[in-house]
Amino acid sequence: MPSHSAPFNVLIVEDEPVIRELVKSMLADGTLTVDTASTGPEGLKMARSGRYQLILLDVVLPQMDGLTICRLIKAAPETANTPVYMLTAKSKKADV
(Lines give C-alpha, C1' and ligand atoms only; values in the text may rest on other atoms or scores of the structure.)
Protein backbone atom coordinates (compact mmCIF):
# COMPACT_ATOMS: atom_id res chain seq x y z
CA MET A 1 0.00 0.00 0.00
CA PRO A 2 1.46 3.44 -0.90
CA SER A 3 2.39 5.80 1.88
CA HIS A 4 0.52 9.12 1.92
CA SER A 5 2.33 11.62 4.06
CA ALA A 6 1.24 15.20 4.52
CA PRO A 7 3.08 17.71 2.33
CA PHE A 8 5.85 19.70 3.96
CA ASN A 9 5.63 23.32 2.86
CA VAL A 10 8.50 25.76 3.27
CA LEU A 11 8.34 29.53 2.79
CA ILE A 12 11.50 31.47 1.97
CA VAL A 13 11.26 35.24 2.49
CA GLU A 14 14.37 36.80 0.92
CA ASP A 15 14.73 39.96 -1.14
CA GLU A 16 17.98 39.06 -2.93
CA PRO A 17 17.04 36.98 -6.00
CA VAL A 18 20.32 35.05 -6.12
CA ILE A 19 20.14 34.04 -2.45
CA ARG A 20 16.40 33.28 -2.70
CA GLU A 21 16.91 30.95 -5.66
CA LEU A 22 20.02 29.34 -4.13
CA VAL A 23 18.18 28.46 -0.92
CA LYS A 24 15.17 27.26 -2.91
CA SER A 25 17.34 25.02 -5.12
CA MET A 26 19.02 23.56 -2.02
CA LEU A 27 15.63 22.56 -0.62
CA ALA A 28 13.88 21.49 -3.82
CA ASP A 29 14.53 17.77 -3.65
CA GLY A 30 11.04 16.66 -4.61
CA THR A 31 9.85 16.00 -1.05
CA LEU A 32 9.23 19.65 -0.11
CA THR A 33 7.01 22.32 -1.55
CA VAL A 34 9.00 25.56 -1.54
CA ASP A 35 7.35 28.95 -2.03
CA THR A 36 9.14 32.29 -2.04
CA ALA A 37 8.42 35.92 -1.26
CA SER A 38 10.66 38.90 -1.97
CA THR A 39 9.24 41.54 0.39
CA GLY A 40 8.24 41.66 4.03
CA PRO A 41 4.53 42.32 3.46
CA GLU A 42 4.31 39.59 0.79
CA GLY A 43 6.05 37.12 3.10
CA LEU A 44 3.80 38.00 6.04
CA LYS A 45 0.68 37.55 3.93
CA MET A 46 1.88 34.15 2.74
CA ALA A 47 2.96 33.09 6.26
CA ARG A 48 -0.46 34.00 7.63
CA SER A 49 -2.06 31.47 5.29
CA GLY A 50 -1.05 28.84 7.83
CA ARG A 51 0.09 26.37 5.16
CA TYR A 52 3.81 26.35 6.04
CA GLN A 53 5.59 23.95 8.36
CA LEU A 54 8.81 26.02 8.19
CA ILE A 55 9.59 29.66 7.38
CA LEU A 56 13.08 30.86 6.40
CA LEU A 57 13.10 34.60 6.94
CA ASP A 58 15.72 37.18 5.99
CA VAL A 59 16.46 39.75 8.68
CA VAL A 60 16.82 42.69 6.28
CA LEU A 61 13.86 43.09 3.91
CA PRO A 62 12.25 45.98 2.06
CA GLN A 63 9.15 47.60 3.59
CA MET A 64 9.16 45.46 6.77
CA ASP A 65 12.12 43.82 8.51
CA GLY A 66 12.32 40.13 9.34
CA LEU A 67 12.23 40.61 13.11
CA THR A 68 8.91 42.45 12.86
CA ILE A 69 7.50 39.73 10.62
CA CYS A 70 8.70 37.04 13.04
CA ARG A 71 7.02 38.80 15.97
CA LEU A 72 3.74 39.03 14.02
CA ILE A 73 3.92 35.36 13.00
CA LYS A 74 4.55 34.29 16.60
CA ALA A 75 1.77 36.54 17.93
CA ALA A 76 -0.93 34.95 15.75
CA PRO A 77 -2.48 31.75 17.17
CA GLU A 78 -2.66 30.06 13.75
CA THR A 79 1.10 30.49 13.11
CA ALA A 80 2.57 30.76 16.61
CA ASN A 81 3.94 27.19 16.52
CA THR A 82 5.44 27.46 13.03
CA PRO A 83 9.24 27.29 13.23
CA VAL A 84 10.93 30.42 11.88
CA TYR A 85 14.63 30.42 11.04
CA MET A 86 16.22 33.80 10.54
CA LEU A 87 18.69 34.24 7.67
CA THR A 88 21.23 36.99 7.25
CA ALA A 89 24.28 37.76 5.18
CA LYS A 90 25.46 40.06 7.97
CA SER A 91 28.67 38.86 9.54
CA LYS A 92 29.46 41.49 12.16
CA LYS A 93 28.62 40.39 15.68
CA ALA A 94 26.81 43.68 16.37
CA ASP A 95 24.57 43.19 13.31
CA VAL A 96 23.71 39.62 14.21
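This report describes helix H3 and two loop residues, Ser49 and Thr82, in a predicted model.

Residues are numbered from 1 along each chain as its sequence is written. Because the model is predicted, local features need pLDDT of at least 70, side-chain atom pairs count only at pLDDT 80 or more, totals for chains, interfaces and linings use all residues, and side-chain values use heavy atoms, without hydrogens and water.

Helix H3 spans residues 66–75; helices (H or I, at least four residues) and strands (E, at least two) are DSSP runs, numbered from the N terminus. Gly66, Ile69, Cys70 and Ile73 of H3 are buried, which means under 20% relative accessible area, whereas exposed means over 50% and partly exposed lies in between (1.4 Å probe, protein chains only). Seen down the axis of H3, these buried residues fall within an arc of 100°, so they line one face of the helix; the arc is that of the directions from the helix axis to the C-beta atoms. An α-helix has 3.6 residues a turn, so residues three or four places apart point the same way. The face turned away from the buried side carries the exposed residues Arg71 and Ala75.

Two polar contacts (pairs of N or O atoms within 3.5 Å; within protein, one must be able to donate a hydrogen and the other to accept it, and residues adjacent in sequence count only if both atoms are side-chain atoms) are listed below.

| Side chain | Backbone atom | Distance |
|---|---|---|
| Asp65, oxygen | Leu67, nitrogen | 2.9 Å |
| Ser49 | Met46, oxygen | 2.7 Å |

Ser49 is partly exposed, at 46% relative accessible area, whereas Thr82 is buried at 10%.
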